[in-house]
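Biologist: Could you take me on a close look at the charged side chains in this model, and at the rings and buried residues around them? I would like the cut-offs as you go, please.

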Amino acid sequence: MSRDATDGSTRRRFLRTGVGVGLAGLFAGCSSGNDAGSNGSNETGGGAGPASATAGSGGSTAGGSTDGTTSQGGATESGGTTGESYSVSMAPVGSVTFDSVPQTWVPFTGDYADMGVALGQSDGLSAIGVAARYGAFYYDDLPGVSVDTGSLTELYQGDSVGKEVFYELDADVHVVDPNFMVNRLSWSQGDVTEITNQVAPFFGNTTFTQVYDWHDYRYYTMEELLGKLGAVFDQRGRAEAFTEVLDDVHSTVESDLPNETPSIALLYPADVPPESFYPYLVGEGTTSKQWRTLGVEDALAANDVADAQAGGSAIDFETLLEVDPDVLAVRLQDEITDQYFQENIVTPLENHEVASQLSAVQNGRVIYAGLTYQGPIIYLHQLERAAQGVYPDAFGGSQLFDRQRVADIVTGDG
C-alpha cells in the first residue's frame with residue numbers, strides 16, 4: 001500500500017565530481033564484460049605469501065570444490081592461535097592453509113573490505129577494486145574507526161585488472177572469489193593459479209548477487225561470511241559479536257514493521273539526470289539484505305523484469321509506469337547528499353512528462369537506495385536509511401543500532 005512520505009534520511013555528503021555520471025554504467029553486474037571502473041597492467045616481479053592453497057583452493061572453477069572444516073598442524077578454523085598452520089574452507093576455493101595469520105589482504109569489492117574492517121583488519125587493507133564503490137564514509141560516525149580510501153591501491157586501472165598490481169601489493173591473502181576474477185574480470189584460470197602460487201591464495205565467494213549463471217556452488221549469508229573471515233584473521237570473537245548486533249537489530253526492525261508493506265523498484269540510473277534505469281531484483285544476495293529485512297514487495301520481479309546483472313537491459317519511464325511501484329529506490333555510488341539526490345534524481349523525475357505520472361513520484365516516495373556492496377557496517381547504515389525511507393512513520397528519524405557498540409567491536413574495546 002502506498003504511503004505518502006519523504007525520504008527520512010540521515011547525513012549525506014556531496015557526490016565527488018564526475019562520479020555519479022562516470023560510473024553510471026559501471027555498477028556491479030552491468031551486462032558489459034567487466035564489473036568495475038578501471039585498471040590494467042602486465043606481470044612483473046614475484047614474491048610469496050604466508051599461505052598455501054590445498055584441495056582445489058584459489059583456482060577452482062564453479063562447482064568443483066568442497067566446504068568442509070579441515071585442520072593442519074593442530075589448528076582448525078578457529079584461526080592461528082596455536083602459532084602453527086591452520087586451514088579454512090569455503091566454496092568455491094576449498095581448503096586454504098595459512099602458515100600464519102594474514103597481515104595484509106586485498107579484496108576487490110566493498111562488501112569484503114567492510115567485513116575485514118568489521119573484524120579489526122583495517123591496517124592490513126591495501127587495495128580495493130574501485131574506491132568510489134566502497135562506502136568507507138559510513139565509518140565517520142563510528143568513534144575510532146576510519147579507512148582512508150585515497151591510500152588504497154585501485155585494482156581496476158585503465159580498463160582492466162592486471163596481474164602486475166597483485167605482485168606489487170604482495171598481499172597475504174586475496175579476499176576475492178576466483179571465479180569472479182575469471183567470469184567478471186576476464187582473467188584466465190592460469191592467471192588465478194599463477195597469482196595463487198606466486199603471491200597468495202584467493203579466498204572468497206561472490207555473494208552480493210545470486211543471478212550469475214556461472215555461480216553454481218554454495219552461497220553464504222553475511223553472517224556466515226563473517227565467520228569464515230573471522231577464522232582466516234583469527235577474529236572469531238569479533239565475528240560472533242557482530243552477528244549478535246545484527247540479530248538484535250533484526251529483532252527490533254521486525255517487531256516494528258507495519259502490517260502493510262509497499263512494493264518497490266530497485267534501480268540504478270543509466271545516466272544522471274535519469275532517462276532510463278538498470279533494474280535490480282530484490283534477490284537473495286547480500287546487496288538486497290536490507291530490503292528482505294524490511295519485507296518489501298519486489299515490483300520488478302512481479303512484472304517479469306529481468307535483472308541487469310543477469311543480462312537484463314535498461315528500462316524506460318514507460319515501462320516503469322506499467323509497473324508503477326509504491327517506492328522508487330535509486331542506487332548511486334559514492335557519497336550522496338540530500339541536496340544532490342533531490343536536484344539530480346527527484347526533481348528531474350517530478351518535472352518529466354512521463355516520470356511525473358508515477359505514483360512514487362507523486363507521493364514523494366523516491367528514496368536513495370545506497371551502495372551495491374555492503375558488509376555488516378555498511379549494511380547497518382543502509383538498513384537504517386532504507387527503513388526510514390520505506391517506513392517513515394515507524395522508523396523516521398530513529399537510529400536502529402548503537403554506533404558505540406559497533407565501534408567497540410571494530411576497535412577491540414567491545
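Modeller: Happy to! Arg405 is partly exposed, with a relative accessible area of 32%; here buried means under 20% relative accessible area, exposed over 50%, and partly exposed in between (1.4 Å probe, protein chains only). Arg405 belongs to helix H15 (residues 403-411) and Asp248 to helix H7 (residues 236-256), so the pair ties together parts that are 157 residues apart in sequence. A salt bridge here is a side-chain nitrogen of Lys or Arg within 4 Å of a carboxyl oxygen of Asp or Glu, while helices (H or I, at least four residues) and strands (E, at least two) are DSSP runs, numbered from the N terminus.

A word on the basis of these values: this is a predicted model, where local features need pLDDT of at least 70 and side-chain atom pairs count only at pLDDT 80 or more, while totals for chains, interfaces and linings use all residues. Residues are numbered from 1 along each chain as its sequence is written, and side-chain values use heavy atoms, with hydrogens and water left out.

The structure holds 9 salt bridges. Among them is the one between Arg218 and Glu224, whose closest N and O atoms are 3.3 Å apart; Arg218 is partly exposed at 40%, and Glu224 is partly exposed at 33%. Another joins Arg292 and Glu284 at 3.9 Å, N to O. In that pair, Arg292 is partly exposed at 31%, whereas Glu284 is exposed at 54%. Salt bridges also link Asp141, Glu384 and Arg403 in a network.

Leaving aside neighbours within four places in sequence, Lys289 is in contact (heavy atoms within 4.5 Å) with Met222, Glu223, His250, Gln374 and Tyr379. The C-alpha atoms of Lys289 and Tyr379 are separated by 7.8 Å, although the two are 90 residues apart along the chain.

On to the rings. The structure holds 15 aromatic pairs. Phe137 and Tyr138 form a tilted one, 4.6 Å centre to centre with 35° between the planes. Phe341 and Tyr368 make an edge-to-face pair, 5.9 Å centre to centre and 70° between the planes. This pair links distant parts of the chain, with Phe341 in helix H11 (residues 338-351) and Tyr368 in strand E13 (residues 366-370), 27 residues apart. Both Phe341 and Tyr368 are buried. For the labels, rings of Phe, Tyr and Trp (its six-membered ring) pair if their centres lie within 6.5 Å; planes under 30 degrees apart count as stacked, over 60 as edge-to-face and the rest as tilted. Ring pairs also link Phe108, Phe180, Phe208, Tyr212, Trp214 and Tyr373 into a cluster.
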